[in-house]
Amino acid sequence: MMGGLGMRIVMAEDSSILRDGMVQLLRLRGHEVVAAVADGEALITAIAEHRPDLAVVDIRMPPTFTNEGVLAATTLRRTYPRLGILLFSQYVETTFARQLLAMSSARMGYLLKDRVADLDEFVDALERIAAGGTALDPEVVSQLLRVSRHSDSLATLTPRERQVLEQMAEGHSNAGISASLRISSRAVEKHVAGIFTKLDLPPSDSTHRRVLAVLKYLQA
Amino acid sequence: VRPGPEQQVTAADTRENEPVTVTPGAGRAGARPRPGAWEWYVSLWQPARFWPRLLYPVLAAPVAVLAVVLIFPLLLVSLVLIISPLGLWALAGVLRIALAFGSLNRTLGRSLLQVQVENPPKRTEPGPFGWRRHQLRGAGAWRTLGFLVLQLPAAYLSLIVTVLAWVYGLELTSYPFTRRWLSSGSRDSSGQIRHGFSFGSYVLDGPWTIALVALVGIVLLVLAPVLTWLATGLQRKLITGLLSPSRQTRRIRDLEASRAMALEDAAASLRQIERDLHDGVQARLVALTMQLAMIKESLRPAAPDVQPADTAELVDVARNQAKDTLAELRSLARGIHPPSLDLGLEAALSTLTATCSVPVRLSVQLSSTPSAAVETILYFSAAELLTNVVRHSGARLASIDVTERDRRIVLRVVDDGRGGAQVGGGSGLTGLIGRAQAVDGELDVDSPSGGPTVVTVTLPGQG
């Protein structure tokens with residue numbers, strides 16, 4: 001199914017306040033949380049039982065409160081390639097972002113928990129992931145941009161092109177970029193072409209392959 | 001098997017050797033009844049003690065000779081060589097041999113005499129020059145040389161005493177049977193050679209004198225293990241005195257340990273604060289964000305059948321969330337540094353005791369203000385100990401005393417509860433020990449079953 005309304009979601013989050021809040025929010029937007037668990041092992045069991053469209057996974061969970069979510073996501077990705085996975089946490093760790101994207105950037109997202117403040121964008125990100133795309137937190141993207149070893153050629157980008165690159169890396173389509181930057185879609189296309197040329201990336205249509213290309217470039 | 005007096009001696013030695021160690025229940029250990037002289041004497045005959053102690057003088061003496069014969073000529077040569085570039089290396093090599101003898105003597109003392117002695121510090125500096133420096137200065141080689149010199153007469157003294165005690169003991173005890181091989185040189189009236197010890201023309205061969213000699217032999221045998229043990233006393237003192245790390249070395253090691261503990265403690269508190277912020281305040285703020293998002297959602301014109309009352313309820317939830325967050329942040333901040341401590345330790349402790357559900361008598365008698373670190377540790381120790389009193393002791397009355405003794409600050413928390421408090425077992429005492437050790441202090445628990453419980457925290461004072 002292509003995202004849209006009525007996704008079935010399994011949530012793993014050890015804080016009950018956040019778990020309950022999130023369940024309520026998603027229900028308000030017409031999505032069904034079929035199971036809400038508190039650790040990685042329970043998550044894997046719940047996924048096997050419910051076969052949802054999407055897993056929303058906290059990164060720090062019991063028992064060690066470090067990277068349980070990432071580990072669970074790694075296992076899930078291997079077993080259920082068509083499952084959408086959103087990792088969310090209170091911090092952004094570039095290391096985790098790299099690990100996740102090294103697996104695949106399709107049906108994968110990494111967002112700060114703060115992003116629920118804008119429900120429209122948050123739900124949009126969830127739907128994008130379930131539809132096969134990517135959702136990366138702007139914070140992750142800017143960290144990746146900052147530490148990129150290609151900062152020389154990044155410097156040749158115009159400020160506008162840089163903005164467009166960041167939006168692309170977050171997983172937005174041309175239409176999305178044109179809406180959020182308030183520029184025409186023709187202008188977006190022009191900038192995208194400029195970026196691909198300057199960064200020596202092969203042009204591509206599909207949204208998530210664009211992200212993949214951009215991130216590969218940033219991490220290389 | 002009851003511990004003999006000699007074990008108490010060594011236990012006291014260890015305590016003296018380690019001034020910084022925490023000794024929970026040390027008060028009670030000191031009150032352990034001393035075994036009587038008879039029990040001690042009987043223990044001397046137990047094979048596991050008897051044979052090693054007899055063996056020690058026999059082994060120690062040749063080792064002592066070998067050490068002196070081998071090392072001192074070499075030492076002389078290396079001291080002559082000292083003017084050449086090779087000199088220091090030769091000296092270090094000789095000292096290394098001396099240290100090996102020291103180590104051998106430690107092993108003998110430990111395994112045969114149950115002397116409790118620590119090993120010298122391990123080499124920390126790498127490379128050949130680090131090795132040389134370690135032999136010359138770090139490992140206590142000069143004290144070991146002193147030991148080897150003094151050990152020679154001491155070892156011979158104990159060997160002679162041991163051999164004489166046993167040989168004469170056995171000889172005299174068996175005198176009634178063995179005297180027949182002793183010829184006195186004089187003859188009796190019937191012309192037979194008289195057998196036995198003789199002094200001039202006087203021969204010990206009358207029935208009573210023979211019995212007396214045998215009796216002396218028996219007494220000597222009875223006393224032989226005591227004599228053997230006493231004879232090795234000097235060697236035991238030499239081993240604990242000269243073959244253990246020097247006071248300075250131990251002090252450095254203790255300070256290194258307490259510094260490591262302080263760093264660990266600081267890192268652990270930071271980690272705990274981060275964890276508290278992450279799980280508490282941050283999570284609550286994220287939840288608040290969610291609730292605000294929900295409120296906004298309910299205010300959308302398209303929101304399906306949402307009543308103003310529903311929105312008001314959501315706002316209430318959000319407001320309570322904000323209040324809870326503030327309360328949690330406040331308590332977290334207080335946990336990092338109690339604001340009342342800015343008014344002084346006494347003020348902070350009286351605020352603490354005033355809110356305690358068990359009545360607490362507080363007395364603070366300090367001539368000067370302790371350092372901020374010490375004050376903070378005193379405060380948190382008192383808080384934690386009071387929490388224990390309230391939670392576990394069932395006490396009706398408690399008291400907190402802060403006094404100065406020998407330039408150290410002593411916090412004593414006493415309660416009349418059921419006692420039985422132990423380090424470990426989630427009592428929070430382990431954490432307090434760590435905090436006290438971090439500033440070179442100690443914590444002592446005396447809590448017999450049935451009470452009362454006395455916990456003493458001793459921290460360094462000013463200067």
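## B:V94 in helix α5

B:V94 lies in helix α5 of chain B; helices (H or I, at least four residues) and strands (E, at least two) are DSSP runs, numbered from the N terminus. This is a predicted model: local features need pLDDT of at least 70, side-chain atom pairs count only at pLDDT 80 or more, and totals for chains, interfaces and linings use all residues. Residues are numbered from 1 along each chain as its sequence is written, chains are lettered from A and ligands numbered from 1 in the order in which they are written, and side-chain values use heavy atoms, with hydrogens and water left out.

Is B:V94 buried or exposed? B:V94 counts as buried because its relative accessibility is 6%. Buried means under 20% relative accessible area, exposed over 50%, and partly exposed in between (1.4 Å probe, protein chains only). Leaving aside residues up to four places away in sequence, B:V94 touches B:I71, B:L74, B:L75 and B:S78. Contact means heavy atoms within 4.5 Å. The C-alpha atoms of B:V94 and B:L75 are separated by 6.2 Å, with the two residues 19 apart along the chain.

## Aromatic rings and charges

Over all chains, the whole structure holds 8 aromatic pairs. Rings of Phe, Tyr and Trp (its six-membered ring) pair if their centres lie within 6.5 Å; planes under 30 degrees apart count as stacked, over 60 as edge-to-face and the rest as tilted. B:W89 and B:F129 pair edge-to-face, 5.2 Å centre to centre, with 65 degrees between the planes. This pair links distant parts of the chain, 40 residues apart: B:W89 is in helix α5 (residues 87-113) and B:F129 in helix α6 (residues 127-138), both of chain B.

B:W89 counts as partly exposed, at 30% relative accessibility. B:F129 counts as exposed, at 51%. The charged end of B:R132 sits over the ring of B:W89, 4.7 Å from its centre. That label needs NZ of Lys or CZ of Arg within 6 Å of the ring centre and within 35 degrees of the ring normal. In chain A, the charged end of A:K113 sits over the ring of A:F88, 5.4 Å from its centre.

## Nonpolar cores

A nonpolar core is a set of buried Ala, Val, Leu, Ile, Met, Phe, Trp, Tyr and Cys residues joined through side-chain atoms within 4.5 Å. The largest has 53 residues; A:L43, A:L87 and A:Y110 touch the most other members. Helix α11 (residues 207-219) of chain A gives the most to this core, with 6 residues. A second, separate core has 35 residues, including B:L386 and B:V413.
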